[in-house]
Amino acid sequence: MKAVSFEVRSSHGSCKLQAQAAIAAIQLPFSISSFALAFSRRLPPPPPRDDSDEPPKAMPTVSVGRDRLFAALGRTYTQEEFEDLCFSFGIELDDVTTERAIIRKEKHLEEEADEDEEVIYKIEVPANRYDLLCLEGLAQALRVFNKQEDTPQYSIRNISKGSMLKMHVKPETSQIRPYVVCAVLRGITFDEASYNSFIDLQDKLHQNICRRRTLVAIGTHDLDTLKGPFSYEALPPSSISFVPLKQVKNFRADELMEFYKSDLKLKKFLHIIENSPVFPVIYDSKRTVLSLPPIINSAHSAITLKTKNVLIECTATDLTKAKIVLNTMVTAFSSYCEKKYEVEPVEVIYSNGESSIYPDLSLYNMEVSLSYVNDSIGVALNAEEVTSLLNRMQLSAKHTVPDEGQCNITVSVPPTRSDVLHPCDVMEDVAIAYGYNNIPKRKPASLKPVPLNQLGDLIRLEIGMNGFTEVLTWILCSHKENFAMLNRNDDGSAVIIANPRSSDFEVVRTSLMPGILKTIGHNKDHPKPIKIYEVGDVALLDVEKDVGATNRRLFAALYCGANSGFELIHGLVDRLMEVIGVPFVPAGDNTGYYIERSDEPEFLSGRQASIIFKGKQIGNFGIVHPEVLKNFDITDPCSYVSVNIENFLDM
């Protein structure tokens, strides 16, 4: 036995492992130990890189001025106190710096720091807490958590449908970005800090839930410079002309595509629409362009520090995400409106006559059982304690006791908490507010091993004692390896990878044979005989499963040497059945197993057999067909066996 050290790498990271390898000299097809394959095979290869649809790689970080944050919280904190507050709330103070320090770092300058520089806190927040992506939302959440104030009650301005602003959607928009949602913030007052925060929140959302504007693009406009009703259209680029933001020259939309190819910020969004025959555009009643989503707004309606009424429009390919983005924007900044937390609605009217009013700031209720919360966290809280903890997380809650005696918590989820989708999200918020460090430590209850895994371990032990070495190969393979190289036709049973990184990873294997033969093919110079086996999963399409496919646990072994070793593989089958406790019986007897002639294309005709257990075929063995061996560049004869071991669980 020889110790082998290796490193497993995947798109999910890497880790160093050490194991005992019985045959260290065998080189697997991928120049990595078979033990490493056991870990990495579970992780399918990442899809081809597409920056336009790439989710953020790290948790979002919000940069806020320390003094402004403390002013919003109503008190000052030492750094240690604020770190403790962040930890209690489930966020983290990632870094403490200054604006000038950031600039110096970017420009590699070595100037000394100025004592008067504003301190910046970089706070890491959960990726699905869009309400925490700006100082306004973060400060509000912390104030509620600290019991300084109650959860705000957001309202829609009470105006008649006839008095609402209208956004008319033309049918051509279905070709490129079919959805638009809108809202108005009336009587808003910006200062320089809140204005910058307003712009920064849009950028944060564009990078996060909007997926770099591919799913949603946000436009904000000075409503006093425009005249409703508005229209959302899709026109040929040559027919769209306007002065874009921060420019003085009039551009056609097709000219803008060329102009912005040299713009470091905007060029990465051009691909979203540049190849489309029509571009999305929003007009007011005077045919003044508001924006060319998702690229740029018009200079005509640009917001400034003097803006009092803001129109927010979100065009999208995903309506659900557009609603979340709109709600996030208006709830965060309605606090600066003349009527605090009040938002003016806009009616969106489609060409088929259907209409919707946005934003939807209504609460939705969710029922969660008290026992579920306590059992999941591992505590014994009463209903009053749970409702109090949920109120600190901006989730209004009350408890009820139905006739059955089971205490339920009714949770009202506000429009700011789009991350709350399931009772487990409510349970998590209870755990955060209670404090993870306060949850009593306990030893977990004994876990029973999965019977299928127990059976697999038994088989591994027995086959290993018969002189075979275990290999663990990729669960993904090429379509050719899974079918044509085994002399098989595609029977439609394979799970196809939608966006394979390479032709080597096109399908999920339906047999263990391709991986084992590839291993032999890459080790044909190894001293003979080679005896290897694998216990692993394959996947088959299954319309009766909710995921559309099902796993099967198989055992497979192969002998490769100067002769075929057919009798050794046959003996291995008999030994396997003996260990499991399955007797050999005459053909037709369903109390045990027997073998009968088969005609599988991967085996040599007349030198193969099916294994029948309780009247059902559970496997095959035989001498591998010479054409198959040639396909895998194997020069020596081989015999192979494969058995579905799940059939033995019902004995």
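Predicted model: local features only at pLDDT ≥ 70, side-chain atom pairs only at ≥ 80, totals over all residues.

Of the 651 residues of the protein, 49% count as buried. Among the contacts between residues at least 6 apart in sequence, 69% join residues that are at least 24 apart.

**Helix α11 and its two partners**

- Helix α9 (residues 370–377) and helix α11 (residues 423–434) have axes that come within 10 Å and cross at roughly 60 degrees, which makes α9 oblique to α11, since an angle of 65 to 115 degrees would be needed to count as roughly perpendicular.
- The crossing of α9 and α11 is right-handed, and the contact is formed by Tyr372, Val373, Ser376 and Ile377 on the α9 side, which meet Pro423, Cys424, Met427, Val430 and Ala431 on the α11 side.
- By class, the residues in this contact of α9 with α11 divide into eight nonpolar, one polar and no charged.
- Helix α10 (residues 383–392) also packs on α11, with axes that come within 8 Å and cross at roughly 90 degrees, and α10 and α11 are therefore roughly perpendicular to each other.
- In the contact between these two helices, α10 contributes Val386, Leu389, Leu390 and Arg392, while α11 contributes Val426, Asp429, Val430, Ala433 and Tyr434.
- The residues of the contact of α10 with α11 comprise seven nonpolar, no polar and two charged.
- Val430 of α11 is listed in the contact with α9 and is also listed in the contact with α10.

**Helices α3 and α5**

- Helix α3 (residues 79–89) and helix α5 (residues 135–145) pack at an angle of about 85 degrees, with their axes 11 Å apart, and this makes α3 roughly perpendicular to α5.
- From α3 the contact draws on Phe82, Leu85, Ser88 and Phe89, and from α5 it draws on Ala141, Leu142 and Phe145.
- Sorted by class, the contact of α3 with α5 has six nonpolar residues, one polar residue and no charged residues.

**Aromatic pairs**

- Phe190 and Phe198 are both buried.
- These two residues belong to a cluster, linked by ring pairs, that is made up of Phe190, Tyr195, Phe198, Phe333 and Tyr336.

- Val343 lies in strand β17 (residues 342–350), and because its relative accessibility is 1%, Val343 counts as buried, the cut-off being under 20%.
- Leaving aside neighbours within four places in sequence, Val343 is in contact with Ser155, Ile156, Arg157, Ala183, Val184, Leu185, Val330, Ser334, Pro359 and Leu361.
- Thr331 is 12 residues away from Val343 along the chain, and the C-alpha atoms of these two residues are separated by 8.3 Å.

Note on methods: Residues numbered from 1 in each chain as written. Heavy atoms only, no water. Axes fitted to C-alpha atoms, helices over the stretch in contact; angles between N-to-C directions. Helix = DSSP H or I, 4+ residues; strand = E, 2+ residues; numbered from the N terminus. Parallel < 35°, antiparallel > 145°, perpendicular 65-115°, else oblique. Left-handed = near helix turned anticlockwise from the far one by under 90°. Contact = heavy atoms within 4.5 Å. Nonpolar A, V, L, I, M, F, W, Y, C, P; charged D, E, K, R; others polar. Buried < 20%, exposed > 50% of the residue type's maximum accessible area, 1.4 Å probe, protein only. Phe/Tyr/Trp six-rings, centres within 6.5 Å; stacked < 30°, edge-to-face > 60°.
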